[in-house]
Amino acid sequence: MSSVNICYLISNDFHSLTLESITYLQMFYKGPDPLKIYIVHIDNITDPREGIIYIKSPYNEPIDHQRVYIPQLLGVDKFIFLDSDTIIMTCMYKLWSIDMNSKALLACPSYHIKTLSEMYDIYDIPTHDVVDLNAAYFNIGVMVIDSLAWDRMSLTQAVKASLNLYQDCRCSKIAEPAYNIALYNKWHEIDESWNYHPRDFYKKVNILHYYGQNFGKKPRHVAFIR
């Protein structure tokens, strides 16, 4: 039987927050195929939830860098990646069903950074002359990934090579710039309602995600429910 594959990547500190996100995911899900939920983790999870597949990462790298290994670790043809602080407000089968247009990845443009040119300025990364500086910049907190295309295009290697471009910069542990450099012409843009940064007077959206903030600890979901 086919399934809708959902994956989170966490340390043990984010386990409770992830379970809250999963509660919303399950509450709104009405799709014809069952959900299959994975949590890839870098620590030993002390209180696993029944019905979730836990995978201990074998890699000793900054956690954000380890997103690139998820297609290999899951062993599925396609999956939706979600950050722990996402709040799902609709049936995720709608996102699962969006045509990928032969791209390896679906994502939403970032609310904070509009182009790769802005990315280089904000993160102070050495410019990579292969990319289009006017290309849109996407947030990696919500992604649909075609694992077969990812492997065919050698994107794990491409993202890791992009990470090396700024390994000596202050943002060296952040993977998002590397994704944008490696995939600047290999991703398909979807409506921002699938990864919506809350702001004044927002209307109902599909996924709320308060990203890009320097919190000491990620906020609880209830902080953003209106």
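User: What does buried mean here?
Analyst: Buried means under 20% relative accessible area, exposed over 50% and partly exposed in between, with a 1.4 Å probe and protein chains only. Both Trp150 and Tyr179 are buried. This is a predicted model: local features need pLDDT of at least 70, side-chain atom pairs count only at pLDDT 80 or more, and totals for chains, interfaces and linings use all residues. Residues are numbered from 1 along each chain as its sequence is written, and side-chain values use heavy atoms, leaving out hydrogens and water.

User: How many aromatic pairs are there?
Analyst: The structure holds three. Rings of Phe, Tyr and Trp (its six-membered ring) pair if their centres lie within 6.5 Å. Planes under 30 degrees apart count as stacked, over 60 as edge-to-face and the rest as tilted.

User: Why is the pair of Phe138 and Trp187 called tilted?
Analyst: The ring centres of Phe138 and Trp187 are 4.6 Å apart and the planes meet at 45 degrees, so the pair is tilted.

User: What makes Phe138 count as buried?
Analyst: Phe138 has a relative accessible area of 0%. The limit is under 20%, so Phe138 is buried.

User: Why does Trp187 count as buried?
Analyst: Trp187 has 9% relative accessibility, so Trp187 is buried too.

User: What makes the pair of Trp150 and Tyr179 tilted?
Analyst: Trp150 and Tyr179 are 5.8 Å apart, centre to centre, with 40 degrees between the planes.
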